[in-house]
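Here is a short report on one chain. Keep the sequence and the 3D view at hand while reading.

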Amino acid sequence: MTQPTDVYDNPLIGRYASPEMAERWGPLRKFRTWRRLWLALAEAEAELGLLADDGKSPRIAQAQLQELASHLDDIDLKRAAAHEKRLRHDVMAHIHALGDVAPGCKEIVHLGATSCYVTDNADLILMRESLDQLCTALASVIDALATFSKTWKDEPTLGFTHFQPAQLTTVGKRATLWLFDFVLDLHELERRRDELPFRGAKGTTGTQASFLALFRGDHGKVKALDALVAKKMGFNSVFPVTGQTYSRKIDTQILDALNGLAQSAHKWGTDLRLLAHRQEVDEPFEADQIGSSAMAYKRNPMRAERMCSLARFISGLPAIAANTVSTQWFERTLDDSACRRLYIPQAFLATDAVLRIALNLVTQRTGPEHRGLMVNRPVIAKNVREHLPYMVTENLMMAAVQAGEDRQEVHEVVRLHSHAVTARVKAGEGTTAELLENLKREAAFQKVDFAAIAGQSSREFVGRSPEQVEEFLADHIEPIRKRYANVLGKTAELHV
């Protein structure tokens with residue numbers, strides 16, 4: 001894949017993904033990484049005894065290493081593409097392109113290696129760096145959403161089960177549900193990043209036979225080479241065994257982690273879209289923003305919709321990776337190559353885009369047109385007032401039972417009156433306030449201080465929501481804030 005306009009030239013780059021992530025998965029970064037891998041291998045081989053000419057082993061001169069080191073970044077993609085068209089082999093094409101500009105080091109490049117030495121190891125390097133970038137971005141989302149949660153921890157709002165009004169919660173408490181999913185995702189991404197090993201120098205079928213021949217049967221030096229190359233590339237561990245490739249199950253595990261983040265973002269985005277429909281919470285909306293080309297009054301939640309759309313795309317990729325794992329023949333078959341060059345970069349680009357949208361959604365910025373999530377308190381309060389009589393019935397039931405009434409009988413009284421009032425409201429013939437008046441006349445509630453319970457404010461029905469928010473932020477968010485203290489506070493602007 002030498003052409004600059006290839007699998008990397010997709011709508012995620014420039015439109016959605018950050019410039020940093022787009023650059024990382026672009027062709028120049030990939031092929032520069034290949035050259036650094038060739039340098040690390042040659043340096044390690046030299047350090048382990050191939051620097052001096054003993055008349056038996058290939059010699060690596062210091063001047064050759066210096067020449068190779070001076071040509072790590074001057075990659076001519078057009079020249080490499082011409083070589084690939086002739087050779088029909090991408091790695092050999094880039095070896096020839098390197099030899100064109102650094103002829104003195106041609107004989108030491110790729111010494112003892114197979115193509116997967118550069119392709120697999122480069123993928124692992126890019127995935128680990130990308131995981132680290134995603135962790136940083138996700139930590140910023142968590143931090144901003146935690147601030148939102150704390151700000152609105154006391155604001156009563158309707159809870160929903162089955163998307164039907166249920167007992168009250170608070171705006172901030174609901175946000176902790178979104179937060180906790182993201183916290184779980186961060187832990188998983190960190191684990192995948194920190195535990196990711198290096199393929200290392202394993203040879204054509206993973207046996208290291210070529211390196212054993214290179215070091216004339218010295219098993220110790222072959223093992224040392226594996227570890228030394230990994231160390232030079234910033235890894236502390238290598239895969240204990242590989243075929244020609246590292247186990248493709250690693251790809252599925254990483255994509256599953258990205259999919260987990262996509263699931264959380266989709267759930268949050270869906271909730272925001274439902275809240276926007278209820279006009280309770282709005283996403284940012286600029287003064288000149290247009291919701292519809294035909295319906296000028298529209299104020300569509302396009303950010304949340306886009307986040308959900310990209311998240312759905314991510315969720316479809318792990319199935320392809322799983323098929324790749326299950327169809328690898330013995331030590332390797334090449335039908336993994338083309339699809340991996342699509343789904344691995346796109347998974348990271350799309351996840352990065354999802355986090356940029358998430359950060360844009362929730363980050364509080366300066367200026368009247370650059371607010372984060374907007375909580376419409378009057379609308380929320382109106383909806384709470386409309387449904388509060390139903391909420392009161394649970395406390396009335398408990399008080400009646402404490403006064404000696406049968407719980408099931410009291411439940412039936414409440415059920416019958418509730419449905420009757422609801423039917424009248426739907427018919428336009430009454431209000432929810434009638435429910436409490438009707439219950440007050442029932443014998444089951446005669447021993448209850450009805451006025452005291454019915455007169456409670458909405459804040460009396462949110463349970464421990466404010467306290468749960470404070471406890472959750474202290475126990476689960478503050479450690480993240482401390483861990484990422486030097487990178488928090490970022491914002492993200494959307495290109496479209």
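Is the crossing of helix 11 and helix 13 left-handed or right-handed?

## Helices 11 and 13

Helix 11 and helix 13 cross in a left-handed manner. This is a predicted model. Helix 11 covers residues 249-277 and helix 13 covers residues 337-362. Their axes come within 10 Å and cross at roughly 30°. Angles under 35 degrees count as roughly parallel, so helix 11 and helix 13 are roughly parallel to each other.

Helix 11 brings D251, I254, L255, L258, L261, A265, W268 and L272 to the contact. Among the residues from helix 13 are R340, Y343, F348, T351 and V362. By class, this contact has 16 nonpolar, 1 polar and 2 charged residues.

## Helices 7 and 8

Helix 7 spans residues 115-151, and helix 8 spans residues 171-195. They pack at about 165°, with axes 9 Å apart. Angles over 145 degrees count as roughly antiparallel, so helix 7 and helix 8 are roughly antiparallel to each other.

Helix 7 passes helix 8 in a left-handed crossing. The contact of helix 7 with helix 8 has 17 nonpolar, 3 polar and 6 charged residues.

## D226

D226 sits in helix 10, residues 219-232. Its relative accessible area is 7%. Buried means under 20%, so D226 is buried. Leaving aside neighbours within four places in sequence, D226 contacts R199, G200, A201, K202, Q208 and V238.

## Confidence

The chain has a mean pLDDT of 91, and 93% of its residues reach 70 or more. Over residues 1-8 the pLDDT is below 50. Beyond near neighbours in sequence, residues 1-8 have 26 contacts in the model.

Definitions and conventions:
Residues numbered from 1 in each chain as written. Predicted model: local features only at pLDDT ≥ 70, side-chain atom pairs only at ≥ 80, totals over all residues. Heavy atoms only, no water. Axes fitted to C-alpha atoms, helices over the stretch in contact; angles between N-to-C directions. Helix = DSSP H or I, 4+ residues; strand = E, 2+ residues; numbered from the N terminus. Parallel < 35°, antiparallel > 145°, perpendicular 65-115°, else oblique. Left-handed = near helix turned anticlockwise from the far one by under 90°. Nonpolar A, V, L, I, M, F, W, Y, C, P; charged D, E, K, R; others polar. pLDDT = per-residue confidence, 0-100. Contact = heavy atoms within 4.5 Å. Buried < 20%, exposed > 50% of the residue type's maximum accessible area, 1.4 Å probe, protein only.
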